[in-house]
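Student: I would like a close look at a single part of this model, with the criteria stated as you go.

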Amino acid sequence: MGRIHLLSEHVANKIAAGEVVERPASAVKELVENSLDAGSTRLKIQVEGGGKKLIQVSDNGCGMVRDDALLAFERHATSKIRDAEDLLDIHTLGFRGEALPSIASVSRLVLETRSPEEQGGTLLEIAGGKILRVEEAGLPQGTSVAVRDLFFNAPARRKFLKAETTELSHIASLVTHYALAHPDKHFELHSATHAMLVAAPVGSYSERVYQVFGPETLERLIPVAANMKLERVGIPEPPPWRRDENYAPRVPGDIRVHGFVSKPEVQKLNRNSIFIFVNGRLVRDRLIQHALTEAYRNILPPAVFPVVLLFIELPSEEVDANVHPSKVEVRFRQQTLVHDFVRDSARAALMKARPVPQFTREITAQPTAAPALTPSALLERSLGQPGVRDEFILEAPVLPAVNKRLQFTGEPIAVEVNPAVSGFGPVAAPALARVPGHADGCGNVLADEPQAVPNGLVLASLKPLGQVRDSFIVAVNPDGLWIIDQHVAHERILFEKILKERAQNQGLPQGQRLLMPLILELTAAQQAVFAEIFEELGRNGFEAELFGGRTLAVKTAPAGIESAQVGHMLPELLDRFQQEEQTLNLETIRTRIAATIACHAAIKVNMALEQNKMEWLVRELAKTDCPMSCPHGRPVVLRYSVNEIQRAFKRI
Ligand code: ADP
Ligand code: MG
């Protein structure tokens, strides 16, 4: 029995139609989605010439009976929806019945398919939309679609295709991400010369990440998992007079988010490493991207992005998939709820993991534009080239020291950077094989490093030993050797303290009267911002008055800030707000003010601290929610783990 039917004109017209085949990767996307919709557990994708010469997708799904195989190439022929009502509740990746006819009209296509209902399979050959051959053929159950010479009859389109390697990398990226979204299925991607991806079914998403990208990537990711009951349904209920006797109110379901977000040490210059799946569909979504930016606020510096692989699952009627021609965008029916849920879940995961920046990694970490979680690494790996690995690099040969200025908020200080630890010098190949216990000629191998998740408790056990250049506190605990930037540590403590006090509305934070009012001349733009944040400034211990339009007299400033600092701080704060693209909400204003006060009130570098001060600082830092990075996203503490130390001493 055939399952495919033509949609009525009425339904077809409601479909956000458009060109589905722009490039080889879009054809691959449609074919892979069809295989997934057909319930396949094994998908094999073969491409040649970056997909321009050949794209073949084979699966072991439900296949098609002969009549369906023919019908599938009619426009708006689908087995997935029937009427306009179904468009509100789409359970499959495809639903428009457009992909196969579109692809067939611009290529030479061979379809081979067999449904378990029929003894023999069907072979269908089409070129430029014309059926050339229909035959019965002995075939295994499932479907294989081979698309040759894409755009052979549309030279203008063909000309716009990019180099083969570019097209191939788009295809590889796409297949990789569908493989990540379906760890229980077998995926293979082959180019003409080699296997680019072979992923056997595994039991979890993290195993799939490991399989595809290896242990280094997994190490830099923090798992996210959260679930929430929806309080109401997103689609409005029909009015009482339109409800028939079978009417039952819709039941709100659950929303679930799971996947991975990267540790703050991973920094990207664009959003190309953020992958979002909504009900199994890979989408670009500004709402979710915004939620992620919010989750990383004060953890990552502005204009730097994380690596994210996130799966959002919610009842299909809560998502409108019919808003974009290539189905790469969706619309949530309860936008704010989804936004806040994703933001809070990602934030909670980041807070819980409280990842410790690794010393060597932070040095080599540079924000890059190169997308992570993309198959460029995969291409390299499959070609047998070593990926870039963070080696422990203290072992590099001693080269003349170079001076590099490290920028601190406040005074910049010159710090000697040994190229051996800066990643500038060549990394020496390890001379000795790292056999556990190998170097143990005279000492004992240390007990295994405790693998506990670093958290406030770990920090609380830190014992400060002293300062390097009156700026960095050196401390130890059983986890290893730690270096704490005293300025940013104090900044983090103050920042959270101010925000907490403000949230609890605990009166006004102490302001202190300046000996003489400080007079500042504001620019027009600064005046505008001042007018907007004036009240909140007052609640943070500032007392300032504008007179004559542009002249500001500051009489009181938050305690702990020297009056000389106030003159820098207020204009800086006003300018920063001006650069904000989004409209100011109270939360942003509060956070900004808190970050600025914290930065200016915090102890500086180049300041000697007594033992009890250092202990206080470490103790207070341990109590913060996010002790590992400062409100501007820089690391606060760095750790040399026992493992790294042992490796450097060639003990393991
Ligand atoms: P849509 O996916 O929107 O329904 P397509 O043009 O992609 O439209 O496919 C048309 C129909 O062909 C599908 O509804 C499905 O019934 C059938 N079909 C396509 N690919 C496969 C496949 N790999 N296995 C089984 N059936 C398929
Ligand atoms: Mg389809």
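Student: Does F311 count as buried or exposed, and at what relative accessibility?

Tutor: This is a predicted model, in which local features need pLDDT of at least 70 and side-chain atom pairs count only at pLDDT 80 or more, while totals for chains, interfaces and linings use all residues. Residues are numbered from 1 along each chain as its sequence is written, chains are lettered from A and ligands numbered from 1 in the order in which they are written, and side-chain values use heavy atoms, with hydrogens and water left out.

F311 counts as buried, at 3% relative accessibility (buried means under 20% relative accessible area, exposed over 50%, partly exposed in between, with a 1.4 Å probe and protein chains only). The ring of F311 pairs with that of Y205, and because the centres are 4.8 Å apart and the planes at 40 degrees, the pair is tilted (rings of Phe, Tyr and Trp, the last by its six-membered ring, pair if their centres lie within 6.5 Å, and planes under 30 degrees apart count as stacked, over 60 as edge-to-face and the rest as tilted). Since Y205 lies in helix α7 (residues 205-213) and F311 in strand β15 (residues 308-313), this pair ties together parts that are 106 residues apart in sequence; helices (H or I, at least four residues) and strands (E, at least two) are DSSP runs, numbered from the N terminus. Y205, at 24% relative accessibility, counts as partly exposed.

Y205 and F311 form one aromatic cluster together with Y178 and F277. By the ring rule the count comes to 4 aromatic pairs, among them Y178 with F277, whose centres are 6.0 Å apart and whose planes are at 90 degrees, so that this pair is edge-to-face. Y178 belongs to helix α6 (residues 164-181) and F277 to strand β13 (residues 274-278), so the pair links distant parts of the chain, 99 residues apart. Y178 counts as buried at 0% relative accessibility, and F277 likewise counts as buried at 0%.
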